[in-house]
Amino acid sequence: MKKLISLLLVTAMLVIGAFTFASCGNKDVVKVIDISLSEEEYAFCVNQADNTLKDQVNTFIAKIKSNGVFDQICNNYFGNGTPLSVTSATLDASKDQLVVATSTGFEPFEMVDAQGKYSGIDMEIAYYLAQELGKELVIQDMQFEGVVPSVQSGNCDIGMAGLSVTPARAEIVNFTTAYYNAGQVLVVKADDKTFDDCKTKEDVEAILAALTSSAKIGCQKGTTGEIYIEGDADDPDGYGFTGLKATKMAYDYVALAINAMVNGQIDYVIVDNGPANAVANSING
């Protein structure tokens, strides 16, 4: 499931190039409709047999929340702090390592640059967690859909990928204490006034519900945004999303979905609020 570095570099170059073009002229290209369509919690996941690691991570989360480290990390991405550049060691079964499953391209939680250096809220937490446990940090980058199964199978120790806690995932892995509250939001083109008068979640949902299959809404594969579009009202353990008539267009990365919207290939994007604002800021410059 691990992505080839060459594929990562090509993807990054394409996305960065598109952002540079989109932001020319210092005019906003996209905007986030800042009305949450869902309420979620992010947590890390560990194998169901590894209660020791779960307890260690819960203790660590409590520690960085109380001593200000978590706030400092968030400030690196939402404020004026300087993001930490994290390096992954090479996987070696003979060493004492913390093997982290993640999926980059989900700003500001996990990113990778052209030199293979990682950054993001989750990646900085992973860096400090490995130090706390006295282990060498190994980051395994993969498609988002592979993160939870890789932990379930024991190929990775912990999943750190902006994971929303869901009953379906909790059936196959154990979640740690939640560390971040998130929600799905809508991203539109800056000149699209369709949702400008919306004040509540119900206002946004009424417009979305009226869309037909001719409308195309993008999302990242395997995320809550995808479930929102598809609907899961028949699942007793689901979110209760009714689903949309609009056509779903799923992408490997949030940035690719938003870039497709900028290029006129789709109409809207539904994604977690943190990545939505991070990518929008990158595009708008």
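Which residues does Ser-164 touch, not counting residues up to four places away in sequence? In this predicted model, Ser-164 touches Glu-40, Glu-41, Tyr-42, Arg-169, Phe-175, Thr-224, Tyr-239 and Asp-272.

**Ser-164**
- Ser-164 lies in the loop that runs between strand S8 (158-159) and helix H6 (167-170).
- With a relative accessible area of 3%, Ser-164 counts as buried, because that term applies to residues under 20%.

**The sheet with S7 and S9 at its edges**
- Five strands form an open sheet in the order S7-S4-S8-S3-S9, and their pairing is mixed.
- Strand S7 (136-141) and strand S9 (174-175) stand at the edges of this sheet, and because each has a single partner strand, one side of each is left without a neighbour in the sheet.
- Strand S4 (residues 97-102) pairs with S7 in the parallel sense over six bridges, and Ala-101 has Gln-140 in S7 as its bridge partner.
- Helix H4 packs on this sheet, where it touches S4, S7 and S8, and the direction of H4 makes about 165° with that of S4.

**Helix H3 and its packing with H4**
- In helix H3 (residues 69-78), the buried residues are Phe-70, Ile-73, Cys-74, Asn-76 and Tyr-77.
- Seen down the axis of H3, these buried residues fall within an arc of 145°, so they line one face of the helix.
- The buried residues of H3 pack against helix H2 (51-66), strand S5 (111-112), strand S6 (118-119) and helix H4 (121-133).
- The axes of H3 and H4 come within 9 Å and cross at roughly 145°, and the crossing is right-handed.
- Among the residues that make this contact are Val-69 and Phe-78 of H3, together with Ile-121, Glu-124, Ile-125 and Tyr-128 of H4.
- The residues of the contact between H3 and H4 divide into nine nonpolar, one polar and one charged.

**The sheet with S1 and S13 at its edges**
- An open sheet of five strands, with mixed pairing, has the order S1-S11-S14-S12-S13.
- Strand S1 (30-33) and strand S13 (247-251) stand at the edges, each with a single partner strand, so one side of each has no neighbour in the sheet.
- Neighbouring strands of this sheet are turned by 30° against each other on average, direction ignored.
- Strand S11 (residues 184-189) and strand S14 (residues 268-272) run antiparallel and are joined by four bridges, and the bridge partner of Val-185 in S14 is Val-271.
- Helix H10 (residues 273-284) packs on the sheet, touching S1, S11 and S14, and the direction of H10 makes about 125° with that of S14.

Key: Residues are numbered from 1 along each chain as its sequence is written. This is a predicted model: local features need pLDDT of at least 70, side-chain atom pairs count only at pLDDT 80 or more; totals for chains, interfaces and linings use all residues. Side-chain values use heavy atoms; hydrogens and water are left out. Helices (H or I, at least four residues) and strands (E, at least two) are DSSP runs, numbered from the N terminus. Buried means under 20% relative accessible area, exposed over 50%, partly exposed in between (1.4 Å probe, protein chains only). Contact means heavy atoms within 4.5 Å. The arc is that of the directions from the helix axis to the C-beta atoms. Two strands pair if DSSP finds at least two bridges between them. Axes are lines fitted to C-alpha atoms, for helices over the stretch in contact, and angles run from 0 to 180 degrees between N-to-C directions. A crossing is left-handed if the near helix is turned anticlockwise from the far one by less than a right angle, and right-handed if clockwise. Ala, Val, Leu, Ile, Met, Phe, Trp, Tyr, Cys and Pro count as nonpolar, Asp, Glu, Lys and Arg as charged, and the others, Gly among them, as polar.
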